[in-house]
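Open the model in your viewer and keep a selection tool ready.

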Amino acid sequence: MTYEYKTTAYDSLFKLAKVMFLDSEYFSRELRKDRLLSFIAEKEADKAERIRKLSPLSYPDDVFVFLASYVLNPYMSFRIGRHVFSSYKEMGESMLSYSPNVNNVLLHIVSYQLLSRHMLSTLYAKDHPKMFQQVLKIEKEAERNREKAYFSLAYFLSGKKSILYKGVEYKNIYNLTHYLMQQEKDLDALGSYLSTSPLIEAYKDYSDDRIELDVYLHVIENYDRDRRKLEEFLARKRERERNFIPFSNT
């Protein structure tokens with residue numbers, strides 16, 4: 001018995017699982033029908049039953065198909081809603097590439113704890129327990145703030161220290177703010193945005209100067225009321241950078 005999808009006949013659950021992420025809407029319907037479930041049951045009855053138990057739950061199509069596909073093939077690379085990643089680092093970089101917005105499909109990763117599920121399925125969690133625990137912690141944050149958790153996971157996985165904003169990479173928040181202040185006429189609104197942005201909130205946790213960032217963001221938030229404080233803050237920072245002498249081996 002085979003299952004046909006787009007003129008290709010599949011006789012292996014492993015091979016079929018690898019293409020399901022390409023058409024979540026289609027496979028979400030098919031996984032609730034007898035034709036596909038009968039094919040799966042003929043190969044491995046327990047897997048068909050596990051998918052039947054998933055069907056009544058209120059998952060978005062991308063999430064339901066993701067979960068079902070890893071029932072069929074637990075060890076494949078991470079793939080969801082037409083996105084496929086060969087590494088977790090690549091996943092983090094992709095998530096950041098949409099900044100300052102989030103990708104709604106990739107947002108499911110933190111909303112439904114999909115990365116920790118994948119790590120358990122592929123046995124990655126067993127070999128990398130510290131990384132797994134950090135992922136669990138970030139996924140837990142999604143219960144309070146999904147977008148902050150999205151960017152936290154993106155920074156954690158990618159290892160980035162810079163800020164990606166509308167396709168441009170800025171060395172740090174100071175460079176980004178300088179650019180935005182040249183573009184934005186309503187500086188009070190800009191200050192409020194920067195002080196509450198989930199991107200910046202997540203960036204703070206992975207920045208090398210987190211404490212100073214809190215001060216800076218407070219000054220930015222009140223920029224319209226006291227511009228001199230911002231100018232003095234930036235002047236002091238530039239002076240420190242000019243006077244900084246790196247360690248030498250000589």
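Select residues 13-17: this is helix α1, and F14 is found in it (helices are DSSP runs of H or I with at least four residues, strands runs of E with at least two, numbered from the N terminus). The model is predicted, so local features need pLDDT of at least 70 and side-chain atom pairs pLDDT 80 or more, while totals for chains, interfaces and linings use all residues. Residues are numbered from 1 along each chain as its sequence is written, and side-chain values use heavy atoms, leaving out hydrogens and water.

F14 counts as partly exposed because its relative accessibility is 37% (buried is under 20%, exposed over 50%, partly exposed in between, with a 1.4 Å probe and protein chains only).

Now show the whole protein chain. It has 16 helices and six strands. Of its 250 residues, 48% count as buried. Among contacts (heavy atoms within 4.5 Å) between residues at least 6 apart in sequence, 61% join residues at least 24 apart.

Next, go inside to the largest nonpolar core, which has 72 residues (buried Ala, Val, Leu, Ile, Met, Phe, Trp, Tyr and Cys residues joined through side-chain atoms within 4.5 Å). F78 and L115 touch the most other members. Helix α5, residues 61-72, gives the most to this core, with nine residues.

Leaving aside residues up to four places away in sequence, L115 touches F78, Y88, M91, I109, V135, E139, L153 and L157.
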